[in-house]
Amino acid sequence: MEFFVSPDRADPKFEAFLVDASSKLCNWLATTNERAPLPSVCNLPEVEPTSEGASTTRLLEDLELLMAGSYQPSHPGALAHLDPPPLTASIVGELISAGLNNNLLAEELSPSITKLERNLSKWFADKLGLPETAGGISVSGGSLANLMGLLVARFKAHLSYDSNAFVIASDEAHVSIARAISVMGLPPEALCRLSTDEDGRIPLEALKQEIYKKKFEGKKCVAVIATAGTTIRGAIDPIENISEFCSDEGLWLHVDAAIGGVFALSDSTSGLVKGIEKADSVTVNPQKVLGISKTSSLLLVANKANLYSCFSTGFPYIEPSIGNDFQGGEIGLQGTRSAEIIKLWLGIRQLGENGIQRLLDETLNRRSYFHAQLDITKLNVITGPLHLIAVTPKNQKEHLTASWSDTTKKLLFRKRFMLSSPQYKGRSYLKAVMGNPHTKMRHIEELAQILNQSI
Ligand SMILES: Cc1ncc(COP(=O)(O)O)c(C=O)c1O
């Protein structure tokens, strides 16, 4: 069938298909600045298959239509979320992964890539300073990594059937934690949310007191969650102090470092997440900061054997792993997994240590530069040590901030800036994520000027 690539001869039609598709993609990327972050039109191609199937020409035309309606993360004004443009090597990695079509479920279905995943997860674990026993697995997104981290924590605490068990986190922890609690069959109140301090961090004393109180009530703690990089302002909980407390009390520490974890990869920024090396489990999401195309996330654990004891069920239809390691399908929730690890590996190899450091430093510099441009007599600024920053009018009543954010967001759209409009402690904010390497100082100055003049 001509729909599949020939296994025994070069296939010029397939090569031409790839070249034409790549050239359309390259053209879409190269004309980014002619458009805005969000498309002005969104026409959809037909969805249903035709009786005889579409020609490659038609498929490419349809793809072009889809591209025209796509969000454009490479636009310098695309600053709304944690969705930076993809590294070139990660685009290539995704393509190769699709062509190889290996399955990370088992070593026999992905011999080299399974080993690559083990080695790269270990490299990440080492960079974070986790112990020798550490390891991890690539999973599709930070939400899944958080869920899996909590499942392992609960399993290790022998609390899998305890409906009184609880998890404790700040009220700025990501929504995926609440979802994980629900998926775990726990009532909403099983997530104990502590009010953050003025810097958006968990107050250590409040954490201790709450845990002692719950202990007194006979409730058992599944895990303490520290966030390294909160979603709205990029705050980092006091991980080091929390980890000491957890170790004294024998509590599992899960660090949701979906945003902040990659800052451990560079000497110039690793101090920001100090203490992460003491975690029992860590979520890292390189898609959010390093420019690895989506999805790319890792769950790292201090003891890799814990993943196996929590998730393994036996695999009656799969050959055992060769060597002394676990099958991918035995150490996570997913069964079949694509080779997402390839684009992460290619991406960090392309950047090299210096490239990673430069990328992270420049990301933080953009935030600092933007912060310095803001008129703090008019704007209340919330930020943290990372690259997220949000503003709201200083002297405006809470209920009026929604219309300010709405009007200003529309104005920004007209100027080709896309910010998001989160709610934070009762007020509407406009949030910028300074993770886009195409955003230059002149864009930042223009953006700050619009915000300063919006009041
Ligand atoms: C702190 C934090 N944790 C977890 C997540 C969830 O990651 P994902 O969207 O990849 O599931 C996010 C998403 O923004 C986040 O900000």
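This is a predicted model: local features need pLDDT of at least 70, side-chain atom pairs count only at pLDDT 80 or more; totals for chains, interfaces and linings use all residues.
Q: OK, so which residues of strand 6 are buried, and on which sides?
A: In strand 6 (residues 281-284), S281 and T283 are buried on one side, and V282 and V284 are buried on the other, so both faces are covered.

Q: What does strand 6 pair with, parallel or antiparallel?
A: Strand 5 (residues 253-257) runs parallel to strand 6, with 4 bridges joining them. There, V255 sits opposite V282. Strand 7 (residues 297-301) is antiparallel to strand 6, again with 4 bridges, and V301 of strand 7 stands opposite S281.

Q: Switching to helix 12. Which of its residues are buried?
A: T401, S405, T408 and L412. Seen down the helix axis, they fall within an arc of 75°, so they line one face of helix 12.

Q: Why would that spacing put them on one face?
A: An α-helix has 3.6 residues a turn, so residues three or four places apart point the same way.

Q: And what covers them?
A: The cover includes strand 9 (388-393), strand 11 (427-428), strand 12 (430-433) and helix 13 (441-452).

Q: Which exposed residues are on the face turned away?
A: S403, T407, K410 and R414.

Q: What comes after helix 12?
A: R416 follows, with a positive phi near 65°.

Q: Last one: how is the chain divided into domains?
A: Domain 1 is 14-70, domain 2 is 97-348 and domain 3 is 356-452. The C-alpha centres of domain 1 and domain 3 are 32 Å apart.

Terms used: Residues are numbered from 1 along each chain as its sequence is written. Domain bounds come from an automatic or database domain assignment. A residue is buried if 20 or more other C-beta atoms lie within 10 Å of its own, exposed if 12 or fewer, and partly exposed in between; C-beta atoms are placed from the backbone. Helices (H or I, at least four residues) and strands (E, at least two) are DSSP runs, numbered from the N terminus. The arc is that of the directions from the helix axis to the C-beta atoms. Two residues are in contact if their C-beta atoms, placed from the backbone, lie within 7 Å. Two strands pair if DSSP finds at least two bridges between them.
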